[in-house]
Amino acid sequence: MPGPSRICRCQKIIAAGERCPCQIRDARERKARHDARRPSARQRGYTAEWQHAARAFLAEPQNSHCACGAPATVVMHVISIRKRPDLRMMRSNWRAGCQRCNALDAAKERQQ
Ligand SMILES: [Zn+2]
Ligand SMILES: [Zn+2]
């Protein structure tokens, strides 16, 4: 036996136990907003862990300069993480780089 129906805030009469289309739409929009704001666990891990480790790496004297001689500002990967994502956090696969070389590298990789 269904319970009494109710009147939604949008004035529609809704059967007991059912959700009004306006509530369903609201819930969907809330979820979409929430999902848009929340980075994936993976991205979050990447940012915090990576930034911390990369900064420490570049602070070491032997990593102060890029191979081109410019001051190092980014950590580059010796073996592309597109080929070996598992080597992303491996310091043995890191080298000090500059923005320019990093950009050139990335462009070269896209052509492959
Ligand atoms: Zn409603
Ligand atoms: Zn460079």
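Because the model is predicted, local features require pLDDT of at least 70 and side-chain atom pairs count only at pLDDT 80 or more, while totals for chains, interfaces and linings use all residues. Residues are numbered from 1 along each chain as its sequence is written, chains are lettered from A and ligands numbered from 1 in the order in which they are written, and side-chain values use heavy atoms, without hydrogens and water.

**Zinc sites**

Donors are N, O and S atoms within 2.8 Å of the metal (3.2 Å for Na, K and Ca); water is not among the atoms, so sites may look incomplete. The zinc ion (ligand 1) is coordinated at 2.2 to 2.3 Å by the SG atoms of Cys 8, Cys 10, Cys 20 and Cys 22. Angles of 100 to 118° between these four donor atoms make the arrangement tetrahedral (four donors with all angles between 85 and 135 degrees). For four tetrahedral donors the ideal angle is 109.5 degrees. Along the chain, the donors of ligand 1 follow the spacing C-x1-C-x9-C-x1-C. Cys 8, in the loop between strand 1 and strand 2, and Cys 22, in helix 1 (residues 21–37), are 14 residues apart and link distant parts of the chain. Helices (H or I, at least four residues) and strands (E, at least two) are DSSP runs, numbered from the N terminus. Both Cys 8 and Cys 22 are buried, whereas Cys 10 is partly exposed at 33% relative accessible area. Here buried means under 20% relative accessible area, exposed over 50%, and partly exposed in between (1.4 Å probe, protein chains only).

Cys 68 is partly exposed at 42%, while Cys 98 is buried at 6% and Cys 101 is buried at 17%.

The whole structure contains zero disulfides (pairs of cysteine sulfur atoms within 2.5 Å).

**Salt bridges**

Six salt bridges are counted, each defined as a side-chain nitrogen of Lys or Arg within 4 Å of a carboxyl oxygen of Asp or Glu. The table includes three of them.

| Asp 35 and Lys 31 | 2.8 Å | Asp 35, 30% |

Asp 35 and Lys 31 are four residues apart in helix 1, about one helical turn; Lys 31 is exposed at 53%. Glu 60 lies in the loop between helix 2 and strand 3 and Arg 91 in the loop between strand 3 and strand 4, so the pair ties together parts 31 residues apart in sequence.

**Local backbone features**

Gln 11, in the loop between strand 1 (6–7) and strand 2 (13–14), has a positive phi of about 80° although it is not a glycine. Gln 11 is exposed, at 62% relative accessibility. Ser 80 lies in the loop between strand 3 and strand 4 and is buried at 9%. A polar atom of the Ser 80 side chain lies 2.9 Å from the backbone nitrogen of Arg 82.

Conventions: Four donors count as tetrahedral if all angles lie between 85 and 135 degrees; four count as square planar and six as octahedral if opposite donors are over 155 degrees apart and all others between 65 and 115; anything else is irregular. A polar contact is a pair of N or O atoms within 3.5 Å; within protein, one must be able to donate a hydrogen and the other to accept it, and residues adjacent in sequence count only if both atoms are side-chain atoms.
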